[in-house]
Structures are given as C-alpha cells and as structure tokens.
Amino acid sequence: MGRVAKSAAPAVELPVGEHTVRVSNPDRVYFPELGVTKLDLVRYYLSVGDGIVNALRDRPCMLHRFPKGLPGGKVHQKRVPAGAPDWIPTVRVFFPRYGRHADELCVHELADVVWAVQMSTVEFHPWNSRASDTESPDEWRIDLDPMPDCSWSRVQRVAGVVHEVLDELGAVGWPKTSGGSGMHVYVRIAPEHGFQQVRRAALAFAHEVERRAPADVTTAWWRKDRDPAQLFIDYNQNARDHTIAAAYSVRGVPEATVSTPVRWTEIDDIVPRDFTIATVPARYAELGDLQADMDRAVFDITPLLELADRHGIDEPVDLDDA
C-alpha cells in the first residue's frame, strides 16, 4: 500500500474587528529554519496591529507573497489576489510605462492585513502617497543602503549625520531598521509636490549628507561607480512606484527579521538581526507604535528644493531607462 498523505490542519476562523478572516493551511511552514507557520505570521501581525495599519493606511501596497513558504520563492504582486472578499479596499493606479492599471490593496483596518497574510503575503511594500492623491507623496523616505563591504558601524555613523541635518532643517525623522543591513528614515511631508520634485529634494539632502561624511557616503547613481565599503543614500526610493518594506513588516529572509521603528537614541546600541518575528511583539507591547505621531510633524520640502536649485541638482537619469 502507498503512504497515506498527511492531512492538512483545518482552517482557522479569526474575528478581526468587524470581519472574520478564514486562515487556510494554518500549519504551512513559511520559515523552515524557525518552524514559523502561516498562523504564526498572522499572530505576529495581530500583535503589532495598530503599527502595521498606521504604516499602510490608505496607501497603494505591493505584496511580496510566498505561496509555498520561503523555499518556494517570492511573487511580487501589485494587483490584489483573485477571490478577495468585497470588503477588501483597493485603489486603482496607472503604470504609464505599460499603459495598464492595477487595483492594489489599500489597507484601512487590521482585517485587510490579516486577509493579505492568508493570501500568503509576508512583506508589505506601500507607496509613499495615499489613495486620495496617488501622484502627490506625503512621505519622504531616506534609505541608508549599505554596499556589500559597508559595516554596520558606518550605517550607525551616517544615521547620526542624517539626524543632524534633519534637525537643522527643522524636520522630524522617524528611523527604523530595514530588516536587512540598512536603515530607513521617514519624514512626513505635505502632499504638495509630485514624485519628481520629492525625489529631487531627497537627492539634495543626500548630497548634503555626503558633503558632511564623504568617507562614509556615496550618492553615485551607477553601482559600478560606488565604493563597496560605503553607504549609498538611495534617494531613488522616492520615485513613483518605488516601494520599500513598511514599518513592522516581516522580511522574507530565513531569520524572519522585521523592519522595526527605533528611537534615535537607540541606534548606537542596536543590532538589526535582533528584531525578528519572535522579539518584536514583546517590544511593541512595551513601547507601542514609535511612529504613531508621524502625521503631527509635517515638513515643507521647499528649502530642499531651493538647495537643489542653488546646486544645480537635476534628474541624473531617466528612470524609465534605469
């Protein structure tokens, strides 16, 4: 006789706010090295509920899905997966390069996040604009992206320079680990400019950080022109339809690290790999959402656009050809 296939665990129905989300295959292992299952992933997102919703609310969101867990590979999905219940909110965005539209997830509440996890989403990558005006970003993103030989101590050092420049500008920055080897700093801005202008302001800021820390920082556009021991400030993350992992998003890596908000005063002492699906819930229970007040600290990027004008900073490359 042939071997009898092991039956899958029955689906679990979870009440989340006003909705009930049915989690099928709850025991499917997503992170084999840790034994983390789909239901474990759902429970993680429930534990940071207010934080992940705050990071995603009203934003078009690309999903990084792993239908068979990490070993099965990643699917980058702009469109909401088929079969979404009628209460899942979406926003339609246009992609000029392809002449197509896509209806992307647009989180309003925690049930939307849990449903996406049920659909095998591990990572959430929101736009830096909102559904009310997708062409006007309200979030300036400073991506501290270390090159292959860049040390974590260099990332920490550059974060200090970033903080210094933001303070001088009168801008409030909200730092978080990337879930990888770098850091992100977000600044809430008034949605009064298009992507090109926000990216231009971000480039002006990056040049200023580079001027103050030339041994540590590069803004060279082409990878071949960058010192592999330096840190690249990736201003291009402010271009249209460029997204990075949200605050509190798990990353699709074997260690199940989390992109975790931190205080400026913590940066000198933290190690990014310490923030994982296993450790962040207790931290969140103690500290809450460190980015909860971001909407109260809106920065006007006009001084950075004026700096770009003074220094003759313009688009270095056509993004559609990059």
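Analyst: Let's start where helix H5 (residues 195-212) packs against helix H7 (residues 302-310), at an angle of about 70° and with the axes 8 Å apart. Those labels are DSSP runs numbered from the N terminus, helices being H or I runs of at least four residues and strands being E runs of at least two. The axes are lines fitted to C-alpha atoms, for helices over the stretch in contact, with angles running from 0 to 180 degrees between N-to-C directions. That makes H5 roughly perpendicular to H7 (65 to 115 degrees counts as roughly perpendicular, under 35 as roughly parallel, over 145 as roughly antiparallel, and the rest as oblique).

Before going on, a word on what you're looking at. This is a predicted model, where local features need pLDDT of at least 70 and side-chain atom pairs count only at pLDDT 80 or more, while totals for chains, interfaces and linings use all residues. Residues are numbered from 1 along each chain as its sequence is written, and side-chain values use heavy atoms, with hydrogens and water left out.

From H5, the contact (heavy atoms within 4.5 Å) uses Gln197, Arg200, Ala201, Ala204 and Phe205, and from H7 it uses Leu304, Leu305, Leu307, Ala308 and Asp309. Sorted by class, the contact of H5 with H7 has 7 nonpolar residues, 1 polar and 2 charged. Here Ala, Val, Leu, Ile, Met, Phe, Trp, Tyr, Cys and Pro count as nonpolar, Asp, Glu, Lys and Arg as charged, and the others, Gly among them, as polar.

H5 has another partner, helix H4 (residues 152-169): their axes come within 10 Å and cross at roughly 120°. H4 and H5 are therefore oblique to each other, and their crossing is right-handed. (Handedness works like this: left-handed if the near helix is turned anticlockwise from the far one by less than a right angle, right-handed if clockwise.) On the H4 side you'll find Val158, Val161, Val162, Glu164, Val165, Leu166, Glu168 and Leu169, which meet Phe205, Glu208, Val209 and Arg212 of H5. The residues of that contact divide into 8 nonpolar, no polar and 4 charged.

Buried means under 20% relative accessible area, exposed means over 50%, and partly exposed is in between (1.4 Å probe, protein chains only).

Phe195 itself pairs with Trp127, and this pair is edge-to-face too, at 6.1 Å centre to centre with 75° between the planes. Trp127 lies in the loop between E9 and strand E10 (139-146) and Phe195 in H5, so the pair ties together parts that are 68 residues apart in sequence. Both Trp127 and Phe195 are buried.

Leaving aside neighbours within four places in sequence, Pro137 is in contact with Asn128, Ser129, Ile189, Ala190, Pro191, His193, Gly194, Phe195 and Val198.

Trp127 also gives us a way over to Gln237: the two are 110 residues apart in sequence, with C-alpha atoms 9.8 Å apart in space. Gln237 lies in the loop between strand E14 (231-233) and helix H6 (280-287), and is buried, with a relative accessible area of 14%. Not counting residues up to four places away in sequence, Gln237 touches Asp143, His242, Thr243 and Ile244.

Methods: Rings of Phe, Tyr and Trp (its six-membered ring) pair if their centres lie within 6.5 Å; planes under 30 degrees apart count as stacked, over 60 as edge-to-face and the rest as tilted.
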